[in-house]
Number of protein chains: 2
Amino acid sequence: MAGYRVIEVKEGILANNDRQADALRRELKQKKTFLLNLMSSPGAGKTTTLCRTVEALTDTMRIGVMEADIDSDVDAKTMTDAGAKAIQLHTGGMCHLDAEMTRQGLEALGDEQLDLIVLENVGNLVCPAEFDTGAVKNAMILSVPEGHDKPLKYPLIFSVCDVLIINKIDVLPYFDFDMDKAVDYARMRNPNIEIIPVSAKTGEGMDAWADWLRRQVESWKQGEN
Amino acid sequence: MAGYRVIEVKEGILANNDRQADALRRELKQKKTFLLNLMSSPGAGKTTTLCRTVEALTDTMRIGVMEADIDSDVDAKTMTDAGAKAIQLHTGGMCHLDAEMTRQGLEALGDEQLDLIVLENVGNLVCPAEFDTGAVKNAMILSVPEGHDKPLKYPLIFSVCDVLIINKIDVLPYFDFDMDKAVDYARMRNPNIEIIPVSAKTGEGMDAWADWLRRQVESWKQGEN
């Protein structure tokens, strides 16, 4: 059975990846560099949110961005314009990043001492959730047009994330999105998840998000998390 | 290198899957059953579009629906209410369907003679595009909030689809979505792709989509495609 073989291979790959991710996190700790893994569906607003984040934090910390894309370099240009040191990671059709690909990205980003590096993962709610990238924290964006039921349908990604950004709240009036249900369903998957509603377009809520991220970076540098 | 091993295994799996998909299509041809593979990002509106489609066609043909979901049965209930014979396929964490899983779904759906069966794939723009399910035609939904640049970022899925439904056109005024660019970028990936703008919510454009699908089903039954 093809299905059985796939799973066997996958388990070996996942165990190997976990070891590489732990090693990468230890190195980041020594360098006092905070790595954030940012995940979402295609079109949920990762790049726009990240641009606003870089603009909010760039005065107080040195920021690097790794843009994972199957095949284009739209995002790295946008990010450089916003003030971050950015590189594009072409995954060559791969649906997620793993710890080894992340390490290669960090090497390409260079030796310069950075306080915060954000890895913008491939737009996908399924595969990226299975692979520890070595990041210190996992963040995901759920956008209002996607609907409040997503934690019911894509459980793993909500359970592995430390923070959930609910983006595009400026269009709440035009969608049947129930914020209370979204929060309840997300907490059902992960009782400790931090939830921050924002509009990357209008800027609403972006201060709360930038504050959360700043606190994480400072704690990591001080060895507290 | 872990990466190399993965790719080697994957190529074997894909070749095997292609053979199974071709065999499945031949069987469907004999049974005069048309199978449509419907793909999209999470939250693009697959289920709502499919409900409206079933309502539009159920008077003139017998319809079955296979709802692939990682872990929930929200959609099959919705679909049964709309008038289709529906089953839920739990993928157990898998990010796509292949021909063997589709065959298992068809067997679960039963022996009853159906004219049209729709396979609602896992919400994902990456992995489902790589696996031929055995469907006669591939359809995808791109929703307005996701942005017009998606064909640049997720090229493969646009190139393997016969038809692109652009959904949620009722919210065009609230998003920076350029319909002309979306059409240009999609055609750049696939010059022959049929493009149908709709709002599954308001019903706009749904006649054009139902007409396209009805023509495909009739041609298949008459051995023309």
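Buried means under 20% relative accessible area, exposed over 50%, and partly exposed in between, with a 1.4 Å probe and protein chains only. This is a predicted model, in which local features need pLDDT of at least 70 and side-chain atom pairs count only at pLDDT 80 or more, while totals for chains, interfaces and linings use all residues. Residues are numbered from 1 along each chain as its sequence is written, and side-chain values use heavy atoms, without hydrogens or water.

**Exercise 1.** State how A:Phe175 and B:Phe175 are paired.

*Solution.* Rings of Phe, Tyr and Trp (its six-membered ring) pair if their centres lie within 6.5 Å; planes under 30 degrees apart are stacked, over 60 edge-to-face, the rest tilted. For A:Phe175 and B:Phe175 the centres are 6.2 Å apart and the planes 75° apart, an edge-to-face pair. This pair crosses between chains, each Phe175 lying in the loop between β6 (163-167) and α7 (179-189) of its own chain. Both A:Phe175 and B:Phe175 are buried.

**Exercise 2.** Classify the pair A:Trp209 and A:Trp212, and decide whether A:Trp209 is buried or exposed.

*Solution.* The ring centres of A:Trp209 and A:Trp212 are 5.7 Å apart, with 15° between the planes, so the pair is stacked. Both residues lie in helix α8 (residues 206-221) of chain A, three residues apart, about one turn of the helix; helices are DSSP runs (H or I, at least four residues), numbered from the N terminus. A:Trp209 has a relative accessible area of 3%, so it is buried. A:Trp212, at 5%, is buried too.

**Exercise 3.** List residues in contact (heavy atoms within 4.5 Å) with A:Trp209.

*Solution.* Leaving aside neighbours within four places in sequence, the contacts of A:Trp209 include A:Leu36, A:Thr49, A:Ala139 and A:Ile196.

How values were computed. Chains lettered and ligands numbered in written order. Helix = DSSP H or I, 4+ residues; strand = E, 2+ residues; numbered from the N terminus.
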